[in-house]
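Subject: Structure handover

Hello,

Here is the structure to look through. Please open it first, then read my notes below.

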Amino acid sequence: MTLIYAHRGANTEAAENTRSAFDKALAYPIDGIETDIQLTRDEVAVLWHDRDLKKLGLPGKRIDDYDYAELAALDFAAHFPGAAPEGPLRLDDFLTGFRARCRLLLEIKNRRWETVARHQMKVRQTLALAGAADERVLVSSFDPDSLVYAHRIAPDFPLVLNMEPEHSVNDARRALDAWPFLYGLCVEISTLDADMMVLLRGRGKYSAVYTCDTDAEIERALQLGVDVLISDVPGKALQMRDA
């Protein structure tokens, strides 16, 4: 059965990647949550998706421009109408609060402007906090080098490579040839088709798809039988799956 994951929580009902968004997502009988990990200047892993802090009224500034204590003084829900103030959610607090409640997909956001040392620090922190390998907690990244490093230090941990929208089934095949340790691929919905699923099933790999929001997108993912469907509207996706 296809598992339904809330994309950054119930992000149409609360500010994404906040405790409120995750709690609201779990008001539905979802199977899992997808979230994004970045590193503050003083190397604290926090949940934030965007490249900058424009949503917080700080265009041109990034998570790694600030220490955690400075970010904790900001309202990370300010951009969501009517939301109560919330600070940044630390990865350790997120894992403590939610890993027992559902499955998790932790996406490591490693940026081109960061040093390799910081990339590797982020990987090490994520794996250390996630603990022993467990199929209920997957780690993903768009950066294959980060996953190669993760596999080197935690060879049993399930790692998923995120594919860009322009990546075809041939790109997916080359990725699986180059990095056979991958647990699976997470592909963009526009590239999901029968050929992609044949490839993944033939290699015995996990299949995840982002971000399925329209009826047509959700129906296609369900019909093709993906393992994980990531959605901004998890309630709708659940309703369609269970129907």
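The count of aromatic pairs comes to 6 in this predicted model. Take Phe22 and Phe98 to begin with. Their ring centres are 5.5 Å apart and their planes stand at 70 degrees, so this pair is edge-to-face. Phe22 sits in helix α1 (residues 19-25) and Phe98 in helix α3, so the pair links distant parts of the chain, 76 residues apart. Both Phe22 and Phe98 are buried.

Next come Phe142 and Tyr210. Here the centres are 6.1 Å apart and the planes are at 90 degrees, so this pair is edge-to-face too. Phe142 lies in the loop between β5 (137-141) and α5 (144-153). Tyr210 belongs to strand β8 (residues 206-210), and 68 residues separate the two. Are they buried or exposed? Phe142 is partly exposed, at 29% relative accessibility. Tyr210 is buried, because its value is 15% and the cut-off for buried is under 20%.

There is also an aromatic cluster. Phe22, Phe94 and Phe98 form it.

Now the helices. Two packed helices are described by the angle between their axes and the distance between the axes. Helix α3 (residues 91-98) packs with helix α4 (residues 116-130) at about 25 degrees, and their axes are 10 Å apart. The two are therefore roughly parallel, since the limit for that is under 35 degrees. Their crossing is right-handed. Which residues meet? From α3 they are Leu91, Asp92 and Leu95; from α4 they are Thr126, Leu129 and Ala130. By class, this contact has 4 nonpolar, 1 polar and 1 charged residues.

Helix α6 (residues 169-178) packs with helix α7 (residues 194-202) at an angle of about 15 degrees, with axes 9 Å apart. That makes α6 roughly parallel to α7. This crossing is right-handed. Val169, Ala172, Arg173 and Leu176 of α6 meet Asp195, Met196, Leu199 and Leu200 of α7. The contact divides into 6 nonpolar, no polar and 2 charged residues.

Look for His79 in the loop between α2 (68-72) and α3. His79 is partly exposed, with a relative accessible area of 29%. Beyond its neighbours within four places in sequence, His79 touches Ala15, Lys55 and Leu56. Arg241 is another matter: His79 and Arg241 are 162 residues apart in sequence and 31 Å apart in space, C-alpha to C-alpha.

Best wishes

Note on methods
Residues numbered from 1 in each chain as written. Predicted model: local features only at pLDDT ≥ 70, side-chain atom pairs only at ≥ 80, totals over all residues. Heavy atoms only, no water. Axes fitted to C-alpha atoms, helices over the stretch in contact; angles between N-to-C directions. Helix = DSSP H or I, 4+ residues; strand = E, 2+ residues; numbered from the N terminus. Parallel < 35°, antiparallel > 145°, perpendicular 65-115°, else oblique. Left-handed = near helix turned anticlockwise from the far one by under 90°. Contact = heavy atoms within 4.5 Å. Nonpolar A, V, L, I, M, F, W, Y, C, P; charged D, E, K, R; others polar. Buried < 20%, exposed > 50% of the residue type's maximum accessible area, 1.4 Å probe, protein only. Phe/Tyr/Trp six-rings, centres within 6.5 Å; stacked < 30°, edge-to-face > 60°.
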